[in-house]
Amino acid sequence: MLHLGRRVLWRGMVPQSLRVLLLFLLCGLLTISCHRSSLDAKAPVGDRNRIVMGTTAAINTLDPADAYGTFPGTLLYNLGDRLYTYKLGTNDLEPQLATAFPTISADGLTYTIPLRQGVLFHDGTRFDARAMAFSLQRFMENGGAPSFLLADLVESVNPTADYELTLKLKKPFAAFPALLAFSGACAVSPQAYEIKPGEFKPRQFVGTGPYKLVKFGTDQILLDAFEQYWGQKPANRGVDIQIFSSPANLFNAFRTRAIDIAYQSLAIEQIASLEESAATAGWQIIERSGSGIDVLTLNLKSPPLDQLEVRQAIAALIDRPLLQERVFQRQIDPLYSLVPVSLDAHQPVFKDQYGDSNIAKAMELLQQAGYSRTHPLKLEFWYRSNVIKDQLAAITFKAIARKKMDGLVQLDLKSVESTTAYKYLDKGAYPIFLLDWTPDFFDPDNYIYPFMECSTGSVEKGCEEGQSVLWGSYYYSNRANQLIDQSRKEQNPAIREQLFVQLQNLLAQDVPFIPLWQNKDFLFAQPGVQGASLEVTQKVPLWTMQKS
């Protein structure tokens, strides 16, 4: 009754014409309010000058001396600067904290690098050669997961002038500038860190990059634009990173527009769903061939894989387009070399020599090796039980062999969890294993050396010590070792590329590994986000993004 009485009183006191006008204005305000509520329901909650990013990636540390993963690398890419980086949208290396490419001594061991002036760390400390030398020495001496990348190669790091750095290598390495673009090789403030084995600061970061770290939580990481940044200032005020417990939660958050961008890692069907509805929903899908590859590693000490014809027959049996279309819904690219198509040195050697699902060639090779329907080839095929892509691929391989090889090939699928697999891989436990590889730096060397190098071994005994042992392949080739050594010394890009062509041809000839696919990376952005991009190095430049 009280509310009704007030309404009656209001009507009695206000003239009819004014009541009509007020009702008209009230309806208009309600319409505008409803419209705004509708827009807000579709837009991510929060400051419109900040970008909200969603991910499922695990982030245990942001200490560059210990961080060794794709998503932590993306954060360090935005928080810090390195001597060299990649020009946006390309795989072309360019100076960052350096002002030019190195001057290299005649023996290929000494690199002299001029440094940028006028750069400040997030804590106000001045950047100079001493700070850069400190950062690289800390990276090597503290002994974190990626420390070997520089420690195995660098003899010394010295500031030879206020803004000049000199590095001496233990052995020539032509890809050294590319290695210096590794995310963890960034400059950190000598006032915030120390050089001490095993000493890390996982929840802080003090560097020179376009963003500074303001919060590191279990489910949220906050970055603010660094106002005193020397380079291109971020187009936004900061980035709020929301960490989701599952791909389903990340998928729903993006679909309901609770986040601006989604990156790593949605399931195959979720990516397909977003692609199908993009035209009507209006969101952006940035797709790029990534730097990660998947391969089969073949144990050359495990009969019958010690027979070349058997390995070549398996290579001929693989059907990459089938995997691409039916299994992974075009979310991978077929790969015919260990060197991905994103690099100029790539040669599709397995396509040229074996093709896809070349059943006639596979049967011919197996018959040469002494196999028949009454004496079929029986092989254990191992994959990681916790990686759904591996499971789907393994089931497909077995189905192809059963359907097309007329009983000549019988695959026994076996799986093991990743941690256990890596523990026993170099012990020769697995005849065939499906694995992935993400490079530490973007150069052909990092796709060839970690697979084909063997420091100690022989043709008779195979590899006893070296990189191929770590993969459980035990591949040994004196010719491969010679070519790798030459490629690491050669400074002429054209000659160096030809050396990698020869190495890829040798790979297809000997078949210690079979390349399968190159992964695709996906970045999803809401309609109002401008400047979203995905680099070939799997990095996401956050500073280019803003909301319209």
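Predicted model: local features only at pLDDT ≥ 70, side-chain atom pairs only at ≥ 80, totals over all residues.

Reply: In helix 3, the buried residues are F71, P72, G73, T74, L75, L76, Y77, N78 and L79. Buried here means under 20% relative accessible area. By that cut-off, 9 of the 10 residues of helix 3 (residues 70-79) are buried, so the helix is mostly covered.

Me: Which strands do the buried residues of helix 3 pack against?

Reply: They pack against strand 1 (50-55), strand 2 (84-86), strand 8 (211-216), strand 9 (220-225), strand 10 (238-243) and strand 11 (261-263). For the protein as a whole, 54% of the 548 residues count as buried.

Me: How do I read a sheet, and in what order do the strands of the open sheet stand?

Reply: Strands of a sheet pair through backbone hydrogen bonds, either parallel or antiparallel. Here 4 strands form an open sheet in the order 4-5-7-6, with antiparallel pairing. Strand 4 (103-104) and strand 6 (154-161) are at the edges with a single partner strand each, so one side of each has no neighbour in the sheet.

Me: What packs on the sheet?

Reply: Helix 4 (residues 129-141) does, touching strand 6 and strand 7. The direction of helix 4 makes about 165° with that of strand 6.

Me: How many bridges join strand 5 to strand 7?

Reply: There are 5 bridges between strand 5 (residues 110-114) and strand 7 (residues 164-169). T112 stands opposite T166 in strand 7.

Me: What does the secondary structure of the protein come to?

Reply: It comes to 18 helices and 21 strands.

Conventions
Residues numbered from 1 in each chain as written. Heavy atoms only, no water. Pairing = 2+ DSSP bridges. Helix = DSSP H or I, 4+ residues; strand = E, 2+ residues; numbered from the N terminus. Contact = heavy atoms within 4.5 Å. Axes fitted to C-alpha atoms, helices over the stretch in contact; angles between N-to-C directions. Buried < 20%, exposed > 50% of the residue type's maximum accessible area, 1.4 Å probe, protein only.
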